[in-house]
Amino acid sequence: MLERTSDLHDDKAATGAAVMPSAAGAAAGMPFDLAAPADIATNRKNMALLVQLRWIAVIGQIATIGFVQFWMGVALPLLPLAAVISGLVALNVVSLLWLRYRADINNRELLVALALDVAALTALLYLSGGATNPFTSLYLLQVTLGAVLLDAPSTWSLVALVCMNFAWLTSYYRPLELPQQGFADAFNLYIAGTFIGLVLDAVLLVVFMTRINRNLRDRDLRLAALRQHAAEQDHIVRIGLLASGAAHELGTPLASLSVILGDWRRMPALASDPELSQDLGEMEISVQRCKSIVTGILLSAGEARGEGSSPTTVAAFLTALVEEWRTTRPSATLYFRNAFGADLAIVSDIALKQAIFNVLDNAAEVSRDWIELTAERNADTLVLSVTDRGPGFSREMLAHIGKPYQSTKGSPGSGLGLFLVVNVVRKLGGVVTARNRPDIGAAVKLELPLSTLAIGDHLDG
């Protein structure tokens with residue numbers, strides 16, 4: 001389709017704007033704190049990472065205890081150590097169940113999880129040498145994770161907890177009794193343990209910080225998408241308000257024109273001239289078309305809303321839509337193929353009808369001799385495809401489908417058609433895609449979930 005950004009004539013722009021207020025209603029109810037949903041999703045992912053880190057810690061602790069007890073011959077309190085590790089396993093099982101059934105994770109719950117990990121590490125260190133244990137460096141892992149995952153007050157609370165635990169371990173701990181043979185130089189043994197702890201800290205920090213940063217980047221992308229969506233909804237609200245106001249203003253002059261044209265057709269001097277009488281008839285049709293556009297704008301804006309929706313079926317809705325479009329665009333040739341299958345009761349939606357009109361109008365601008373509208377059913381989805389034999393979309397237009405004012409015509413206010421279509425379909429839970437056909441022309445596909453259109457709870461025929 002030529003320039004293919006739904007560049008409409010002025011009357012089509014008014015028709016497209018009619019879908020705005022109904023789509024904008026949800027925008028007015030959007031939460032002001034756009035970051036909240038993204039933060040919740042990110043916190044869930046980060047909590048899952050803490051659970052994974054805890055499993056790694058459990059495995060590492062079991063391996064370390066086995067190595068120290070049975071290879072180095074250092075006597076350890078195995079039962080208390082086993083109790084602490086069992087507590088970590090139980091905490092992880094509870095955390096997994098909690099993540100499955102918990103809808104949101106907040107900063108306080110992340111702080112509690114990290115504080116429990118610090119408490120478990122403190123208990124293990126208490127049973128294995130206290131502050132003299134070289135694995136006290138693992139405290140830094142908890143602090144670093146807290147600095148990334150928590151807000152500032154929670155992070156400092158975790159730092160204070162770690163410092164108090166370490167200070168407590170300097171005075172209260174169970175000393176390690178090293179065997180006399182093979183471990184004469186305790187300092188070298190401490191250095192070796194410190195090296196192992198440093199390696200563990202470095203490896204775990206790189207692995208988990210990389211994954212946490214990826215979660216944060218995903219959150220930022222979601223926030224950017226939410227902000228873009230909010231900006232588009234604000235744009236829709238402004239267009240809808242403008243369209244609704246213009247519709248009120250146009251109502252009176254259109255009614256006056258209709259009365260004047262009716263009076264002229266009854267005047268003998270004008271009625272006796274066949275050519276002039278035909279022109280008056282065409283003028284009346286155009287005025288009626290403008291009045292229907294204005295009525296559609298007011299209906300979509302919520303005025304006389306009871307007249308805007310009515311029970312129908314997929315076949316009846318599309319057939320009536322095609323017949324109306326053919327009547328108002330007699331110069332274009334539209335072929336309609338209904339491959340939906342068994343008919344389904346739905347509620348007609350004037351905004352959806354006008355969105356489909358916009359797509360058909362775009363196709364008619366570049367391919368008046370052949371336009372095809374196809375209706376199909378894919379599981380519980382209504383798929384509407386509009387194809388034409390025009391020059392197709394440009395590469396730039398395909399990359400910005402659904403963005404406002406993406407047009408190569410250069411006329412003010414153009415490039416709104418597909419923007420309106422995309423937002424109407426999105427409000428109904430669907431998606432709009434566009435592509436160039438392999439041979440000639442372009443295709444625009446509207447996929448709508450039948451659950452938003454069907455009457456009743458069942459989607460069968």
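Helices H5 and H7 are roughly parallel to each other, because angles under 35 degrees count as roughly parallel. This is a predicted model, in which local features need pLDDT of at least 70 and side-chain atom pairs count only at pLDDT 80 or more, while totals for chains, interfaces and linings use all residues. Residues are numbered from 1 along each chain as its sequence is written, and side-chain values use heavy atoms, with hydrogens and water left out.

Two packed helices are described by the angle between their axes and the distance between the axes, and the table gives both.

| Helix pair | Angle | Axis distance |
|---|---|---|
| H5 (residues 107-126) and H7 (residues 152-169) | about 10° | 10 Å |
| H11 (residues 314-328) and H12 (residues 350-366) | roughly 45° | within 11 Å |

In the contact of H5 with H7 (heavy atoms within 4.5 Å), the H5 residues include Leu111, Leu114 and Val118, and those of H7 include Leu158, Leu161 and Trp168. The residues of this contact divide into eleven nonpolar, four polar and no charged.

For H11 and H12, Phe317, Leu321, Glu324 and Trp325 in H11 meet residues of H12, among them Leu352, Lys353 and Asp361. By class, this contact has eight nonpolar, no polar and three charged residues.

Leucine 448, in strand S7 (residues 442-449), counts as buried (under 20% relative accessible area, with a 1.4 Å probe and protein chains only), because its relative accessibility is 0%. Not counting residues up to four places away in sequence, leucine 448 touches residues including Leu352, Asp380 and Leu453. The C-alpha atoms of leucine 448 and aspartate 380 are separated by 8.7 Å, although these residues are 68 residues apart along the chain.

Notes: Axes are lines fitted to C-alpha atoms, for helices over the stretch in contact, and angles run from 0 to 180 degrees between N-to-C directions. Helices (H or I, at least four residues) and strands (E, at least two) are DSSP runs, numbered from the N terminus. Angles under 35 degrees count as roughly parallel, over 145 as roughly antiparallel, 65 to 115 as roughly perpendicular and the rest as oblique. Ala, Val, Leu, Ile, Met, Phe, Trp, Tyr, Cys and Pro count as nonpolar, Asp, Glu, Lys and Arg as charged, and the others, Gly among them, as polar. Buried means under 20% relative accessible area, exposed over 50%, partly exposed in between (1.4 Å probe, protein chains only).
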